[in-house]
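Please look through the sequence and the structure first.

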Amino acid sequence: MLLENIALGKTMEIYVDREGYRYRLVSKVEKTGVKKICLTAIMAGGRAFKFRPEDKIRLVYRGEDQMWEWLNVKAGLGLLDDEPVHYFEIINKGQSFNRRQAYRVNIDEEVQIGFYQVPGSRQRFSYAPLVKEEYEAIVDGNGVELEKEEDDRSGKVFIEKRLRMVPMKEAVEKKVRGLVHDISESGMGFYSNEELEIENSFYCQIPSDYGPLLVRSSVVRVDDKAKGNRKYHFYYGCIYEEADQKLIRYIYDIQRRQIQKQRERKEFEASVRDLRRERSK
């Protein structure tokens, strides 16, 4: 699929591998070109998300039946019609893969999930929500914030009122039990008695051969008639917002073990058939 054929306003997913974790960001298409695409600026706490030169970035576009991906993308921040946008320059041609090709493995592991909730709200957050706080900043003559007055060599320091983002004090952290039924590279299926809603997010640690693997997930599908598990009332389809990169390696390890078991079973069944043929002669 060509970048310039993606309609404006469509959703793009951005996967960023950084310091052992994979982050999932989402934005809308603002402008497309042969080798470049501009998305609505991804903001957090009033500031634009900063991509680093060492980030490994992958773009994903989900069509009705196909998923398209562009690997090793370069990112930056710019302006489009005087509005901030993130732009992405592609190096390699996009490639398609079917949704069903995303390998999913069953693990059925009991876990504890956690989330933050503001009293009176049903929204859940995998991080404590942030709010603006006014504080007195010590700055030098150029407006650069100092940790303490002694850090300034010019002898001119000022006190300014500034804003910063801090965790909301009213947010309450809650933890509940659940069961991770299956996992894939992009998300997981999860059972719980906690009633969650679409776009609620939570964190948990998935047990693995590499130790507990932290993931932060967002609910994209809700089934209040959980099948195959009588212990829990609800089943949720979730997509990762952030995941330990070792999770992918763990999924591949399980896949290899399953393939090896299937191969051994087929070899055993073939040997049994051969033995029966020999006896029937």
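The model is predicted. Its largest nonpolar core has 26 residues, and those with the most contacts inside it are Ile-183, Met-188, Phe-190, Phe-202 and Leu-247. Several elements each supply at least two residues of this core: strand 10, strand 15 (172–184), strand 16, strand 17, strand 18 (213–223), strand 19 (234–244) and helix 1 (246–280). Another core, of 18 residues, lies apart from it and includes Ile-6, Ile-14, Val-16 and Phe-51. In soluble globular proteins, nonpolar side chains tend to be buried together.

What surrounds Phe-202, leaving aside its neighbours within four places in sequence? Among its contacts are Ile-113, Gly-114 and Phe-115, along with Ser-126, Met-188, Phe-190 and Leu-196. Phe-202 is also in contact with Val-215, Arg-216, Ser-217, Val-219 and Cys-238.

## Aromatic rings

The count of aromatic pairs comes to five. In one of them, the ring centres of Phe-49 and Phe-51 are 4.8 Å apart and the planes stand at 70 degrees; an angle over 60 degrees counts as edge-to-face, so this pair is edge-to-face. Phe-49 is partly exposed, with a relative accessible area of 23%, whereas Phe-51 counts as buried at 15%. Phe-190 and Phe-202 form a tilted pair, with 5.3 Å from centre to centre and 35 degrees between the planes. Phe-190 belongs to strand 16 (residues 187–192) and Phe-202 to strand 17 (residues 201–206), so the pair ties together parts that are twelve residues apart in sequence. Both Phe-190 and Phe-202 are buried. Elsewhere, ring pairs link Phe-49, Phe-51 and Phe-88 into a cluster.

Charged side chains also lie over ring faces. Lys-36 sits over the face of Tyr-87, 4.4 Å from the ring centre. Arg-58 is part of strand 6 (residues 56–62) and has a relative accessible area of 18%; under 20% counts as buried, so Arg-58 is buried. The side chain of Arg-58 is also joined to that of Glu-69 by a polar contact of 2.7 Å.

## Salt bridges

How many salt bridges does the structure hold? There are 18. One of them joins Lys-231 to Glu-110, with the closest N and O atoms 3.3 Å apart. Lys-231 is in the loop between strand 18 and strand 19, while Glu-110 is in strand 10, so this pair ties together parts that are 121 residues apart in sequence. Lys-231 counts as exposed at 53% relative accessibility; Glu-110 is partly exposed, at 33%.

Arg-257 forms a salt bridge with Asp-209, and here the closest N and O atoms are 3.4 Å apart. This pair links distant parts of the chain, 48 residues apart: Arg-257 is in helix 1 and Asp-209 is in the loop between strand 17 and strand 18. Arg-257 is partly exposed, with a relative accessible area of 41%, and Asp-209 counts as exposed at 55%. A further salt bridge joins Arg-216 and Glu-242, whose closest N and O atoms are 3.4 Å apart. Arg-216 lies in strand 18 and Glu-242 in strand 19, so this pair ties together parts that are 26 residues apart in sequence. Are Arg-216 and Glu-242 buried or exposed? Both are buried.

## Positive phi angles

Most residues other than glycine have a negative phi. Asn-72 is not a glycine, yet its phi is positive, at about 50 degrees. Asn-72 is placed in strand 7 (residues 66–80) and is partly exposed, with a relative accessible area of 38%.

Asp-108 also has a positive phi, of about 45 degrees, although it is not a glycine. Asp-108 is found in strand 10 (residues 104–117). With a relative accessibility of 42%, Asp-108 counts as partly exposed.

Definitions and conventions
Residues numbered from 1 in each chain as written. Predicted model: local features only at pLDDT ≥ 70, side-chain atom pairs only at ≥ 80, totals over all residues. Heavy atoms only, no water. Helix = DSSP H or I, 4+ residues; strand = E, 2+ residues; numbered from the N terminus. Buried < 20%, exposed > 50% of the residue type's maximum accessible area, 1.4 Å probe, protein only. Phe/Tyr/Trp six-rings, centres within 6.5 Å; stacked < 30°, edge-to-face > 60°. Lys NZ or Arg CZ within 6 Å of the ring centre and 35° of its normal. Core = buried A, V, L, I, M, F, W, Y, C linked by side-chain atoms within 4.5 Å. Contact = heavy atoms within 4.5 Å. Polar contact = N/O pair within 3.5 Å; in protein donor to acceptor, adjacent residues only side chain to side chain. Salt bridge = Lys/Arg side-chain N within 4 Å of Asp/Glu carboxyl O.
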